[in-house]
Amino acid sequence: MPIDRLRAYAFVTAMVLAAALASPAHADRCDDLARQLKSQIDGISVGRTAANVIYLSHPAAKQLRLGCTNRSVTNELFAQSSTRKPAPAFTDLVASAGAIVFTIPKQDTLRGSQRCLSRMGLLRGNDIKMRFRRLDFRCTRDKTTAAISVSRGRNE
């Protein structure tokens, strides 16, 4: 009898350990992604985390944040420029960060962000939504700033 009980305890312990190691930790994955952004892009510093959003900072952006997994998107990158027409350093920052977050080539995120930002204007308006290379881009601008949001749907 004691041997069977010992085997049962060992089996239950092994199952609990396997379940604990197999379950993904969403906050840890997002924190790892923020650390990866910090190590691969010069000038990015990681700020505080609140409600599944990690606030980042960079000299080329007025506001920069990384949204973690929720019900509708896998990850979301939001960047706001301090000018109405963003500098090339801003689009390069968005392209570099987007390539790391969504694991696609930098050229694809650069082309998508440039297209989105260039479409804003008199004919199409100041709020553009577009899809490029399985990424959703949304560009907005007001009188003083321009912003871009890059995300990927949860079902992709």
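Modeller: We shall discuss ring contacts and then pockets. This is a predicted model, in which local features need pLDDT of at least 70, side-chain atom pairs count only at pLDDT 80 or more, and totals for chains, interfaces and linings use all residues. Residues are numbered from 1 along each chain as its sequence is written, and side-chain values use heavy atoms, with hydrogens and water left out.

Biologist: Which residues have an arginine over the face of the ring?

Modeller: A charge sits over a ring if NZ of Lys or CZ of Arg is within 6 Å of the ring centre and within 35 degrees of the ring normal. Here Tyr55 has Arg48 over its face, 4.9 Å from the ring centre. Phe78 has Arg65 over its face, at 4.1 Å.

Biologist: What is the volume of the largest pocket, and which residues lie nearest its centre?

Modeller: On a 1 Å grid over the protein atoms alone, a pocket is an open set of points where a 1.4 Å probe fits, with protein on both sides within 12 Å along at least five of seven lines; lining residues have an atom within 4 Å of a point. A volume is the space filled by probe spheres set on the points, which are joined across faces, edges and corners. The largest pocket has about 190 Å³. Its lining has 11 residues, with Arg29, Leu33, Thr69, Thr74 and Asn75 nearest the centre.

Biologist: What is the volume of the second largest pocket?

Modeller: The second largest pocket has a volume of about 160 Å³. Its lining includes Arg84, Pro86, Gln114 and Arg141.
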